[in-house]
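Please keep the sequence and the structure in view while reading.

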Amino acid sequence: MPTFVTETLPYIVIGAVIIAVFLSAIHIMREYERAVVFTLGRFSGVKGPGLIILVPIVQQFVRVDLRTLVLDVPSQDVISRDNVSVKVNAVIYFRVVDADKSVIQVENFMAATSQLAQTTLRSVLGKHELDEMLAERDKLNRDIQEILDSQTDAWGIKVANVEIKHVDINESMIRAIARQAEAERYRRARIIGAEAEQQAAEKLVEAGEMLARRPESMQLRYLSTLQDIAGEKNSTIVFPVPVEFLQALAAPATIQRETASRRRGSEAAQA
């Protein structure tokens with residue numbers, strides 16, 4: 001029995017080594033994974049998904065994930081074009097489209113993309129004013145996405161989307177913005193009130209012209225006003241008096257004053 005074990009042990013070891021080498025040559029790539037294969041250090045192609053067989057020791061591979069990755073850009077201190085200091089952070093969605101470039105052209109595409117996103121975020125937002133950062137966020141997202149996509153194309157990276165999450169400003173600037181917004185609302189209210197007065201004046205002019213063409217309509221307006229006053233159940237009733245009526249009452253006194261003035265002038269001339 002010991003002789004049998006001694007004779008078969010080398011074969012068992014050789015068989016185990018062959019099985020281990022065979023198993024090490026077999027790799028399975030998932031649907032969203034690719035294997036960047038190097039033969040004796042030279043790039044020899046991209047394989048996957050599914051079952052791939054590599055020559056042990058001679059060939060090595062790097063596993064690359066092709067799914068969309070999410071990168072959270074840390075808060076960056078940005079000084080806007082109108083000299084306002086803010087803190088801005090963003091999130092970037094990107095994916096690998098060329099597995100070989102993401103391995104060969106850049107050492108760590110995640111770290112490289114993160115650093116590039118931080119510098120691009122500061123440089124792009126520094127060219128805009130604070131109001132633009134708050135009101136035109138979609139446009140800024142597109143600008144940052146286009147810049148990142150053009151610069152990461154050489155790394156085999158496709159930047160799909162960029163979203164600015166927060167724009168943090170200090171308390172004093174928040175109060176200043178609130179005062180500015182209040183002043184803007186007050187200005188709009190004044191303008192709307194002035195436009196309303198202008199439109200009302202135009203309508204009053206049109207109504208006056210229409211009433212002037214038909215004098216009897218003034219009597220109807222007079223009676224309608226009296227009816228409105230009587231319906232209010234007030235203890236004091238104010239009767240509107242037409243201006244023409246007052247002029248008619250004042251006409252005799254005016255004639256008498258003019259006659260007396262002419263009489264005194266004639267007597268002074270005779271004297």
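A salt bridge is understood here as a side-chain nitrogen of Lys or Arg lying within 4 Å of a carboxyl oxygen of Asp or Glu. The model under discussion is a predicted one. Glu184 is partly exposed, with a relative accessible area of 27%. Elsewhere, salt bridges with shared partners connect Arg30, Glu33 and Arg63 in one network.

Across the whole structure, a search finds eleven salt bridges. One of them joins the side chains of Glu33 and Arg63, at 3.0 Å from N to O. This pair connects distant parts of the chain, for Glu33 is in strand 2 and Arg63 is in strand 5, 30 residues apart. Is Glu33 buried or exposed? Glu33 has a relative accessible area of 7% and is therefore buried, the limit for that class being under 20%. Arg63, by contrast, is partly exposed, at 41%. A further salt bridge is formed by Asp98 and Lys101, whose closest N and O atoms are 3.8 Å apart. Here Asp98 counts as partly exposed, with 29% relative accessibility, and Lys101 also counts as partly exposed, with 32%.

The two strands that hold Glu33 and Arg63 lead on to the sheet. In general, the strands of a sheet pair through backbone hydrogen bonds, in either a parallel or an antiparallel manner. In this model, three strands form an open sheet in the order 3-2-5, and their pairing is antiparallel. Strand 3 (42-47) and strand 5 (59-65) are the edge strands, each of which pairs on one side only. From one strand to the next, the twist averages 25 degrees. How many bridges join strand 2 to strand 5? Strand 2, comprising residues 33-39, is joined to strand 5 by seven bridges, and the two run antiparallel.

The structure contains one cavity of 30 Å³ or more, and the space in the largest cavity is about 30 Å³. Which residues line the largest cavity? The lining consists of Val73, Ala90, Ile92, Ala117, Leu121, Ile144, Leu148 and Val162. Two or more of the lining residues come from each of strand 7 (85-96), helix 3 (109-125) and helix 5 (137-152). By class, the lining has eight nonpolar residues, with no polar and no charged ones.

Strand 7, which contributes to that lining, is also the place of Val88. Val88 is buried, because its relative accessible area is 0% and buried residues are those under 20%. Although Val88 and His166 are 78 residues apart in sequence, their C-alpha atoms are 5.7 Å apart in space.

Terms used:
Residues are numbered from 1 along each chain as its sequence is written. This is a predicted model: local features need pLDDT of at least 70, side-chain atom pairs count only at pLDDT 80 or more; totals for chains, interfaces and linings use all residues. Side-chain values use heavy atoms; hydrogens and water are left out. Two strands pair if DSSP finds at least two bridges between them. Helices (H or I, at least four residues) and strands (E, at least two) are DSSP runs, numbered from the N terminus. Axes are lines fitted to C-alpha atoms, for helices over the stretch in contact, and angles run from 0 to 180 degrees between N-to-C directions. On a 1 Å grid over the protein atoms alone, a cavity is a set of points where a 1.4 Å probe fits but cannot get out, and a pocket is an open set with protein on both sides within 12 Å along at least five of seven lines; lining residues have an atom within 4 Å of a point. Grid points are joined across faces, edges and corners, and a volume is the space filled by probe spheres set on the points. Ala, Val, Leu, Ile, Met, Phe, Trp, Tyr, Cys and Pro count as nonpolar, Asp, Glu, Lys and Arg as charged, and the others, Gly among them, as polar. Buried means under 20% relative accessible area, exposed over 50%, partly exposed in between (1.4 Å probe, protein chains only).
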